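Subject: Structure for your files

Hello,

Here is the structure I said I would pass on. My notes on it follow below.

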Amino acid sequence: MAAIFFLDHPVEFEKWRVGDFRLPPKAMREYIAEHPKLINLVNDLGLKAALDKEYGTLSKAVHGSDSLFRMTSAEGNINIANPSAADLGKWSARERSAVDLSITALAGVLSDFLEGAKMQNLRAVLGVAVQPKSRAALRKHLNISIPEP
């Protein structure tokens, strides 16, 4: 999210770099949701709601406020090396969702560099990260073809 914001705001980036600027995560999500290049993706994919949901989940991971993200069991035993298959599945889903959202938004903002036949090798690599629904929306709204992996 910060990469997208700072791409459009080089002065604020320089201020941030020297520790003189802070943009709350909610403001970054709102900026992305209102970005002119992303508005059709926001509407088609529910991008704002997805960003809000994913941010909330990842915030729980960072702060360890959900048992799924804790490295110890309820009894206080180390549990990081013994995850359940269900928990690993949840982690995998979170990872796919976060990467898909991030790459889809970034590709949308950088669409002038990716549209049509431009950057064929990069678009091929992105196929691994971008989910089918997002690939279809990028093609429909921004003329970005990302092949299936």
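Is N143 buried, exposed or partly exposed? At 45% relative accessibility, N143 counts as partly exposed, where buried means under 20% relative accessible area, exposed over 50%, and partly exposed in between, with a 1.4 Å probe and protein chains only. N143 is found in the segment after α9, and its phi is near 60 degrees, a positive value in a residue other than glycine. For background, most residues other than glycine have a negative phi.

On provenance, this is a predicted model, in which local features need pLDDT of at least 70 and side-chain atom pairs count only at pLDDT 80 or more, while totals for chains, interfaces and linings use all residues. Residues are numbered from 1 along each chain as its sequence is written, and side-chain values use heavy atoms, with hydrogens and water left out.

Overall fold

The protein chain has nine helices and zero strands, and its pattern along the sequence is α-α-α-α-α-α-α-α-α. Helices (H or I, at least four residues) and strands (E, at least two) are DSSP runs, numbered from the N terminus. Of the 149 residues of the chain, 30% count as buried. Among contacts between residues at least 6 apart in sequence, 52% join residues at least 24 apart; contact means heavy atoms within 4.5 Å.

Aromatic pairs

Searching the whole structure gives seven aromatic pairs. Rings of Phe, Tyr and Trp (its six-membered ring) pair if their centres lie within 6.5 Å; planes under 30 degrees apart count as stacked, over 60 as edge-to-face and the rest as tilted.

- F5 and F21 have ring centres 6.1 Å apart and planes at 10 degrees, so the pair is stacked. This pair links distant parts of the chain, 16 residues apart: F5 is in helix α1 (residues 2-8) and F21 is in the loop between α2 (10-17) and α3 (25-34). F5 counts as buried at 8% relative accessibility, and F21 as partly exposed at 22%.
- F5 and Y31 have ring centres 5.2 Å apart and planes at 80 degrees, so the pair is edge-to-face. Here the link runs from helix α1 to helix α3, with the two residues 26 apart. Y31 counts as partly exposed, at 22% relative accessibility.

Ring pairs join F5, F6, F13, W16, F21 and Y31 into a cluster.

Helix α3

The buried residues M28, R29, I32 and A33 belong to α3. They cover an arc of only 135 degrees around the axis, which puts them on the same side of α3; the arc is that of the directions from the helix axis to the C-beta atoms. K26 and E34 are exposed on the other side of α3.

Second largest pocket

This pocket has a volume of about 220 Å³. On a 1 Å grid over the protein atoms alone, a pocket is an open set of points where a 1.4 Å probe fits, with protein on both sides within 12 Å along at least five of seven lines, and lining residues have an atom within 4 Å of a point. Grid points are joined across faces, edges and corners, and a volume is the space filled by probe spheres set on the points.

Of the 13 residues that line the pocket, the closest to its centre are M1, L51, A98, L101 and S102. The elements that give two or more residues to this lining are α1, α5 (47-63) and α6 (85-109). α6 gives the most, with five residues. By type, the lining divides into 11 nonpolar, one polar and one charged, where Ala, Val, Leu, Ile, Met, Phe, Trp, Tyr, Cys and Pro count as nonpolar, Asp, Glu, Lys and Arg as charged, and the others, Gly among them, as polar.

Two loop residues

G127 is found in the loop between α8 (120-126) and α9 (132-142). G127 is buried, with a relative accessible area of 1%. Leaving aside neighbours within four places in sequence, G127 is in contact with R135, I146, P147 and P149. G127 and S145 are 18 residues apart in sequence and 9.3 Å apart in space, C-alpha to C-alpha.

M119 is found in the loop between α7 (111-114) and α8. Phi of M119 is near 50 degrees, a positive value in a residue other than glycine. M119 is partly exposed, with a relative accessible area of 47%.

Regards
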